[in-house]
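The exercises below are meant to be worked through with the coordinates open. Try each task before reading its solution.

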Amino acid sequence: MGQSTDTVTLTTAQAIVRYLAAQFIEIDGKKTRVCGGGFGIFGHGNVTCLGEGLYDHQDELPLYRGQNEQGMGFAAAAYAKTHLRRRFMFCTASAGPGTSNLLTSAALAHANRLPMLLLCGDAFLTRLPDPVLQQLEHYGNPTFGVNDAFKAVSRFWDRITHPAQIIQSLPAALNTMLDPADCGPAFIGLPQDVQGWTYDYPLSFFEPRVHRIRRQKADANEIADAARLLSTARQPMLIAGGGVQYSGAVAELTRFAEAHNIPVVETIAGRANLLNDHPLNIGPLGVTGSNSANAIAEKADVIVAVGTRLQDFTTGSWTAFSPDAKIIGVNAARHDAAKHMSMTVVGDAKLALDDLSGALDGFSAPSSWSDLAKAERAKWNTYVAENTRIGNGPASYAQAIGVINDNCSPRDRIVAAAGGLPAEVTANWKTLDIGTVDVEFGFSCMGYEIAGGWGARIAQSEDEPDSDTIVFTGDGSYLLMNSDIYSSVLTDKKLIIMVLDNGGFAVINKLQNNTGNESFNNLISDTPTATNQVGVDFEAHAKSMGALAETVSNPAELAAAFARAKAADQTYVISMKVDAYDGWTTEGHTWWEVGTPHVTQNASVREAHIETEAGRSRQRKGV
């Protein structure tokens, strides 16, 4: 019992859980909990106090038991991405290695601007039992530990040193995670003694609160300046980034493009902003893009970059555009809107696009420009059709992608990350419905695929239970992190996992060869210390974790296997070997800056360096 009718006595951990359970968000007129629950692995640093608090709220905040903390973080990131950053999950880990395992996940969420709440154990505030199990000791700074490492990969960071502190800290963390400009992971360190300390919390702190995502209207002067610049364009282009979907601005983007006859290209995060067959969809842009998008990008005189952080794979390390092209950055985050001396329109894309359209006063790009763009896209469609055709060379990523694309349902969600598959999916996937593609390339993080698929499936089960989650992964990523196959089985969150086995880290081997180097330590067959050349039976391994699984010999067998996977009621893994050297998508690539040796005794490396440096001539200078 509390000290008065206006307060309640709770431990710090109990109060955190009770507060989270009382937070709601309004989405399309419907109220739902903003925190969908959490992922947790208990240890001595979080089980006795935070675990006790979570036990009493497991109906409101379901806790999913992870197999690896890093995988939990990936699942939380994918959950938030699927919910368009309007809902999040927490991750809780014990002190020490349990917490440090979340560092990579936090970095992924930070790079991708995704909300994730990290509730992690910490050393005792009193220091009476120091040094405790798993504590790092810094001789000159006893307050410095593992949790401080999260300062570099969090948008909000705090260590709770008194129970009353959460009255300020938790709302600040939520406001950060739900802010369109500052969105990212929030880290809260919980010393093991402080978790159990009590405080008389005001009952008002736990009253239900309904949050709404802020829509910041762009400054009228910025809209006017952007309209004046865009109205002078003869060859304008729209870049549609992931922020278009987070803003819910797909309809506004489409309407803007159609009203002003402006071709649209997509970033990796912005894949599935437009349907594949929309006439103004000119394809994906950049290093992993399409000939069509890159052809018009280099000719565009005014570029409207909407909801994109313009990373190097989008810009071809800033060689994809004419050096004279003018950029208008439309973004909720000033940091992203202002990149490379862009003219800024800082505000919500949904509002800004309509405001900008109104200010253009009937402007329309010349039909000769849009006709050129459409003709380039038609040529790219022909290339993709041939590139994904079964029998076009040895078994390849592209052929597998084509088979799945032809046989999946429109609302199925595609998940891929790192290695060669992001490029192959981005270039070859034909979007069947809006917002159905998650290619994690903000952090390009191996291991995201299966864990992220699990998190996406949890989110889909809440909103679209009849659609499937389809994971594309290479053998390298599978071996790095596969235990959430078991998680999906345990929780009845069905995944369809396509394992494409090319015998190692084949895309990095390709980069190694393309820069004049000999194959070394990427493919298993080219690893000198791999003296026992044994293959992995992915089918048997998946079955050992409770999944259904089969192996197909070639892409011609894949359609029937995929039909069996679709018909199954539990996680289904399909394994297929693909060629490590042939079958890559060879078109659609801009220049990409990689570090190459300026001095070498190897003639092929020297020639590759000279060729790489030659591409720098078009590199846009700027900040």
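This is a predicted model: local features need pLDDT of at least 70, side-chain atom pairs count only at pLDDT 80 or more; totals for chains, interfaces and linings use all residues.

**Exercise 1.** Compare the radius of gyration of the chain with that of a compact globule.

*Solution.* Begin with the length: for 623 residues, a compact globule would have a radius of gyration near 25 Å, and because the chain has 25 Å, the two agree. Next, take the box along the principal axes, which for the C-alpha atoms is roughly 75 × 65 × 55 Å. Finally, turn to burial and surface: 57% of the residues are buried, while the chain exposes about 24500 Å², of which carbon and sulfur atoms supply 52%.

**Exercise 2.** Describe the largest nonpolar core and the surroundings of F39.

*Solution.* This core has 49 residues, and F39 and L118 have the most contacts inside it. Elements that each supply at least two of its residues include α3 (69–82), β7 (116–122) and α18 (448–463). Once neighbours within four places in sequence are set aside, the contacts of F39 include L63, M72, F90, W454 and I458. A second, separate core of 37 residues includes I414, V425, M498 and L558.

**Exercise 3.** Work out the strand order and pairing in the open sheet that contains β2.

*Solution.* The three strands run in the order β3-β2-β11, with mixed pairing. The edges are β3 (30–33) and β11 (209–211), each of which pairs on one side only. Strand β2 (residues 23–27) pairs with β11 in the parallel sense over three bridges, and Q23 stands opposite R209 of β11.

Conventions. Residues are numbered from 1 along each chain as its sequence is written. Side-chain values use heavy atoms; hydrogens and water are left out. Two strands pair if DSSP finds at least two bridges between them. Helices (H or I, at least four residues) and strands (E, at least two) are DSSP runs, numbered from the N terminus. A nonpolar core is a set of buried Ala, Val, Leu, Ile, Met, Phe, Trp, Tyr and Cys residues joined through side-chain atoms within 4.5 Å. Buried means under 20% relative accessible area, exposed over 50%, partly exposed in between (1.4 Å probe, protein chains only). Contact means heavy atoms within 4.5 Å. The radius of gyration is taken over C-alpha atoms; the globule rule is 2.2 Å times the number of residues to the power 0.38. Accessible areas come from the Shrake-Rupley method with a 1.4 Å probe; for residues, only the protein chains shown count as cover.
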